[in-house]
Amino acid sequence: MDEPPHLFLCPISMELMDDPVTVSTGVTYDRRSIEQWVFRYGRATCPATMQALANLDLTPNHTLKRVIDSWLDRGSPSTSASSSPSTSSLSSPAHELATPLSRMLEAERLRSALADLEETPFKVTALKNMRRRMASDVGMQCEFMSSGGIQVVARVMAQALAESSAGGDFSAFTACEEAAAVLALLPLADAASVGFVLAQECMRPVMALLQRGSAEARLHAMDIVTKISNASTGDWTAGVEVDDVLKSLLELLSDEVSTRLSSRALDVLLDVVERSRNGPAKAVEVGAVHVLVELLADADDSRDAERILLLLKRLCKCPEGRLAFAEHDLSVAAVAKTMLRVSELATQLAVKVLWLVSVVAPSEKVLEDMVLTGAVAKLLGLLHVESPPATKQKTVRMMRINGGFWRQYPCFPTDLRDYLRLLN
């Protein structure tokens, strides 16, 4: 089946709407997504426009529901097989049927639009037209970049953000969002393009969109950051404000706007912590350990749990990270919950985290929590199942070093106390 039309996608989850409902601003969302936004997170704004909601009424959009159902029916195997050749030819992208002359004219229009973009008062319309011309057209995207398009759009974003921050009208921030949508179309695979985007006048608006943009704008901003992360070979954060990047990513993870955004935010956060020299310490400073522990406690997806544990392991290698871990009441319980339950990799990572906080720099609170949350019992259970030698060695070492402390607790099972004596 073809990709669904953009109108059929929920602006929050960017997935096909199952039960479309309209809010007071006139924007339609999938009922599940907007109810989570309003009632679970207590937001009284429209995610797409960020305007205040006059009321919390959700009006079913029956017309759009019927159109979506009709589109799904046409896409089913029984109906798609009977579609006529003439119908399929009409749906072909215009640029595939274009003549060399029309391609030249389109390229000239794009260059002309770029030349006028900074002066035109209709920036949103101009950017939308630019986005339409470049969508799925690699040739136009190359023309855009070779004509200095990234630099022009970056200046427009910086100007729009400045006007919006100074109390300008809402259209200024909308222009910033549309500009990000244009940049998100580009491959951003070469060093020159990445360098232009990493300039402060471009990255500052991108970070602002990650923090307070609409759901679609956040997705576009995350596309840009993800492409930069994937294309860079060194520390791409060296020339940007790492604090802003980390805060934006953590805010996305805390808001849980969509699973797609959260998944990408975890990937980029891992990359920043790995590549940036001060990444782990900076991440701890802006509250990463607290956010990650809260996410891990509710994580249902095994891949999410593994990435969160990997991040916690990296953060707990620094003293600040271990201290932040020890101070959170749920940290040990959240890590212990994943052992022998999520995956073999999650168990290995959980053991490494507990090793760092109970052996490398133990605190009495962490050791006590390990008994009370059942982490010690799980570690002992781990010795009876097949696991990598390094994991078993760390487990035995933890038992031998901290066994005397754990045996003093009345709640510690007698059979486990005897087993600890055998280890010693």
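Visitor: How many helices and strands does the secondary structure of the protein chain come to?

Guide: This is a predicted model, in which local features need pLDDT of at least 70 and side-chain atom pairs count only at pLDDT 80 or more, while totals for chains, interfaces and linings use all residues. Residues are numbered from 1 along each chain as its sequence is written, and side-chain values use heavy atoms, with hydrogens and water left out. Helices (DSSP runs of H or I, at least four residues) and strands (runs of E, at least two) are numbered from the N terminus. On that basis the protein chain comes to 25 helices and 3 strands.

Visitor: What percentage of the residues in the protein chain is buried?

Guide: A residue is buried under 20% relative accessible area, exposed over 50%, and partly exposed in between, with a 1.4 Å probe and protein chains only. Of the 424 residues in the protein chain, the buried share is 47%.

Visitor: Which residues touch the most other members of the largest nonpolar core?

Guide: A nonpolar core is a set of buried Ala, Val, Leu, Ile, Met, Phe, Trp, Tyr and Cys residues joined through side-chain atoms within 4.5 Å. The largest such core has 116 residues, and its largest share, 10 residues, comes from helix α21 (residues 344-360). A second, separate core of 16 residues includes Val-23 and Leu-64. In the largest core, the members touching the most others are Phe-144, Met-157 and Met-370.

Visitor: At what angle do helix α13 and helix α15 pack?

Guide: Axes here are lines fitted to C-alpha atoms, for helices over the stretch in contact, and angles run from 0 to 180 degrees between N-to-C directions. The axes of α13 (residues 215-231) and α15 (residues 259-275) are 10 Å apart. The angle between these two helices is about 35°.

Visitor: Why is the pair of Phe-8 and Trp-71 edge-to-face?

Guide: Rings of Phe, Tyr and Trp (its six-membered ring) pair if their centres lie within 6.5 Å, and planes under 30 degrees apart count as stacked, over 60 as edge-to-face and the rest as tilted. Phe-8, in the segment before β1 (20-22), and Trp-71, in helix α2 (residues 62-74), are 63 residues apart, and both are buried. Their ring centres are 5.9 Å apart, and the pair is edge-to-face because the planes lie at 70°.

Visitor: Is Leu-188 buried or exposed?

Guide: Leu-188 lies in the loop between α10 (170-184) and α11 (191-198), and has a positive phi of about 50° although it is not a glycine. Most residues other than glycine have a negative phi. Because its relative accessible area is 1%, Leu-188 is buried.

Visitor: What is the phi of Leu-340 near?

Guide: Leu-340 lies in the loop between α20 (331-338) and α21, and at 45% relative accessibility Leu-340 counts as partly exposed. Leu-340 is a residue other than glycine with a positive phi, near 60°.
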